[in-house]
Amino acid sequence: KETEEVFKVKKSSYSKKIVKQLKKEYKEDLEKSKVRTEVNSPTDVERPLEKTGHIKDIGQEDGTANSEHGEEEMEVESEKEEEKPKASGAFSSALSSLNVLRPGEIPDAAFIHAARKKRQMARELGDFTPVDSEPGKGRLVREDENDASDDEDDDEKRRIVFAVKEKSQRQKIAEEIGIEGSDDEALVAGEQDEELSRWEQEQIRKGINIPQACIFQPAEVNNLYYQNTYQTLSYGSSYGIPYTYAAYGSSETKSQKTDNTVPFKTPSNEMTPVTIDLVKKQLKDRLDSMKELHKANRQQYEKHQQSREDSTKAIERLEGSSGGIGEQYKFLQEMRGYVQDLLECFSEKVPLINELESAMHQLYKQRASRLVQRRQDDIKDESSEFSSHSNKALMAPNLESFGRDRVIYQEQVKRRTAEREARRARRRQAREQTGKMADHLEGLSSDDEETSTDITNFNMERDRILKESGKVFEDVLESFYSIDCIKSQFEAWRSKYFASYKDAYIGLCLPKLFNPLIRLQLLIWTPLEGKCRDFETMLWFESLLFYGCEEQEQVKDDADISLLPTIVERVVLPKLTVISENIWDPFSTTQTSRMVAIVQKLVDGYPSVVNAENKNTQMLLKALLLRMRRTLDDDVFMPLYPKNILENKNSGPYLFFQRQFWSSVKLLGNFLQWYGILSNKTLQELSIDGLLNRYILMAFQNSEYGEDSIKKAQSVIACFPKQWFTNLKGDKTISQLENFCRYLVHLADTIYRNSIGCSDVEKRNAREHIKQIIKLLASIRALDHAVTVANDHNVKELKILIEGK
């Protein structure tokens with residue numbers, strides 16, 4: 001039916017002529033094809049690939065098909081071949097000859113129109129793709145469409161064996177005559193004469209009954225498009241007919257293509273006949289494989305479903321917990337930025353704080369050094385003045401022989417003497433007003449009075465430093481220098497996210513973070529002054545007192561618990577070290593008492609201070625010892641005068657001697673105030689060996705033997721800590737006091753000898769003095785010496801004296 005519809009063309013002036021020419025050429029080609037010895041399966045009418053479901057491979061070198069087909073493919077293809085009309089390769093060649101122009105012939109409008117329609121149909125259908133061919137391999141080539149002026153000989157030489165996906169006869173004839181697919185109705189509507197009908201029926205019968213050969217018609221023109229080559233099932237294979245592909249046409253063409261044609265060998269095995277059981281078996285096998293595939297897919301599907309459910313649950317769980325993590329991340333990022341800004345602020349301000357602190361320490365150091373130097377100058381001046389064997393020139397070194405510098409020196413001595421006597425007079429007047437004149441001894445008071453000029457200069461410089469300290473953070477927000485604001489930031493971190501707070505070791509970092517701010521508040525803090533404020537009442541201490549002490553249960557090894565002790569250790573102790581080394585005067589009983597009180601407070605209240613491995617504590621104790629040794633070496637002076645000079649109790653040498661003695665006793669008491677803080681060995685070395693045995697005993701030997709010596713001995717023994725003698729075993733005192741005990745024994749003997757030959761009153765007084773000496777020896781646990789004195793002087797109340805102590 002399709003073949004019949006193809007030949008229903010429009011009635012035009014040239015359609016019948018074309019049809020007649022096609023008939024004539026087709027008959028000639030058919031006669032030539034009958035004489036061929038090898039017949040191949042017809043492929044001029046190709047089955048559509050989408051219907052058969054198979055793709056055939058066509059060899060490009062020899063133009064033949066090399067694939068084997070199964071029984072199922074043979075059956076399906078046989079059914080398809082019965083439905084499709086067939087046409088011979090010769091008829092296709094005849095149609096292709098429509099577009100061939102003779103050399104020198106001019107194409108008419110119909111020819112041009114047909115060529116255009118042909119190209120348009122090829123593009124729309126997409127049934128072939130031009131393929132270039134390599135030399136010697138039969139590769140398809142596409143010639144230029146417009147190159148129609150080449151000779152026929154060149155066209156024949158360039159003929160290439162190819163196989164194309166054949167279109168229907170209707171489409172081919174429509175392309176040759178230039179009628180589009182949309183003009184089918186016009187073709188159907190055309191009239192057909194009887195001769196044409198008979199010719200059509202005859203060709204249909206021949207196409208059905210006679211196996212046609214697959215002809216590879218080479219192109220005769222340069223503008224011919226070649227379609228893609230597809231492998232098709234050979235028509236004769238189902239009948240066991242051997243087949244080969246051979247190109248045929250004119251004799252010239254056949255002779256030129258003989259070398260490029262490679263025939264296929266006849267397959268040795270025949271196809272198995274297709275039966276119902278075979279089809280059922282194949283369908284069953286395919287069903288089983290599909291069931292197995294379905295089962296595997298089902299398992300994979302269930303696995304994916306389970307994975308999806310797990311992922312959904314994980315997403316819900318993470319979304320539920322991501323809120324707190326997000327807030328924590330945001331908070332920690334804010335804290336990170338805040339801490340970075342705080343550290344940048346401190347990196348600029350800490351050097352300023354250090355400078356102000358150094359300036360304040362230097363100011364106090366200059367005042368303390370000025371007072372110590374003045375006391376040393378006064379001792380030198382008085383010693384040179386009351387020494388009968390002193391040389392004034394030696395007391396004023398670097399003096400010229402002409403005496404010009406000596407005059408200046410003497411003027412300075414007179415000025416210092418006048419100032420010294422004026423200060424003593426003012427202190428004496430103050431004691432008289434307070435009623436302490438009777439109990440006072442010269443040398444017990446500290447000469448730390450300053451002039452109005454020194455006081456004014458000191459206050460001005462201190463005010464200037466305080467004013468500068470107030471400008472340190474004037475360009476900074478309160479949240480970066482206020483201890484309360486900084487503390488609140490870290491308290492919020494601790495209360496919200498304690499785990500990250502602990503992991504960041506914030507408890508160990510806070511003392512160093514608060515260090516510069518606390519040092520700025522302690523800038524003028526000096527515990528040696530009476531008006532100095534206790535550091536435990538200052539704002540920084542009250543602000544940090546309850547840090548980390550929430551109502552919640554305390555965590556073990558919480559560093560925030562020791563925040564204040566750590567700050568005291570790292571801030572207060574270094575400041576006390578500087579004060580002890582540069583400002584504290586061991587000769588001043590008031591300063592020593594205040595210094596001992598603050599250190600004792602730290603020892604009792606702050607466990608980190610008691611730790612012997614604490615570097616700051618070690619530095620403080622070392623500074624205290626160095627200052628005490630320096631005072632012992634530089635400031636203690638004990639003059640030696642003959643007894644006849646000391647007999648006049650109103651003379652200057654006597655007063656100077658008494659003043660130096662009592663100042664030494666005062667220093668001994670100041671040293672021994674450090675009992676409980678410094679070790680006993682260190683204190684005994686400083687106070688007994690360095691001061692008592694070296695200076696005070698020398699003064700005892702030059703003193704008058706009598707009541708005055710006993711009074712001085714009582715003052716010395718009163719300075720000793722009673723704990724030294726409480727735990728002593730035996731009758732002997734500590735070894736360092738042996739010299740002092742022998743002096744007391746010698747004093748008792750001297751008093752007894754001086755009372756011989758005197759009145760009974762004097763003898764009675766002498767006996768009382770001896771009993772007092774026995775008590776003194778018993779108080780320092782020198783029982784062996786006390787028994788010796790009692791036996792020597794017939795004192796029978798020894799037991800009572802020892803118990804009474």
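Before you click anything, one term: a helix axis here is a line fitted to C-alpha atoms over the stretch in contact, and angles between axes run from 0 to 180 degrees between N-to-C directions. What you have open is a predicted model, in which local features need pLDDT of at least 70, side-chain atom pairs count only at pLDDT 80 or more, and totals for chains, interfaces and linings use all residues. Residues are numbered from 1 along each chain as its sequence is written, and side-chain values use heavy atoms, with hydrogens and water left out.

**Stop 1: colour by confidence**

Colour the chain by pLDDT, the predictor's confidence in each residue, from 0 to 100. The protein chain averages 74, and 68% of the residues score at least 70. Helices here are DSSP runs (H or I, at least four residues), numbered from the N terminus.

Now select residues 37–99: pLDDT stays under 50 there, though the model has 166 contacts beyond four places in sequence for this stretch. A contact means heavy atoms within 4.5 Å.

**Stop 2: helices 25 and 27**

Select residues 652–672 (helix 25) and 707–719 (helix 27), whose axes come within 8 Å and cross at roughly 20°. That makes helix 25 roughly parallel to helix 27 (the cut-off is under 35 degrees; over 145 counts as roughly antiparallel).

Show side chains: from helix 25, the contact includes F657, F661 and W662, and from helix 27, D708, K712 and C719 are among the residues involved. The contact divides into eight nonpolar, three polar and two charged residues. In this scheme Ala, Val, Leu, Ile, Met, Phe, Trp, Tyr, Cys and Pro are nonpolar, Asp, Glu, Lys and Arg charged, and the others, Gly among them, polar.

**Stop 3: helices 20 and 21**

Jump to residues 563–582 (helix 20) and 589–605 (helix 21), with axes that come within 12 Å and cross at roughly 160°. The pair is therefore roughly antiparallel, and the crossing is left-handed. V568, V572, L573, L576, I579 and S580 of helix 20 meet M595, I598 and L602 of helix 21. What classes of residue make up this contact of helix 20 with helix 21? Eight are nonpolar, one is polar and none is charged.

**Stop 4: a salt bridge**

Finish with D381 and R416, which form a salt bridge with their closest N and O atoms 2.8 Å apart. D381 lies in helix 12 (residues 276–386) and R416 in helix 14 (residues 404–434), so the pair ties together parts 35 residues apart in sequence. The whole structure has 25 salt bridges, each a side-chain nitrogen of Lys or Arg within 4 Å of a carboxyl oxygen of Asp or Glu.

Conventions: Helices (H or I, at least four residues) and strands (E, at least two) are DSSP runs, numbered from the N terminus. Angles under 35 degrees count as roughly parallel, over 145 as roughly antiparallel, 65 to 115 as roughly perpendicular and the rest as oblique. A crossing is left-handed if the near helix is turned anticlockwise from the far one by less than a right angle, and right-handed if clockwise.
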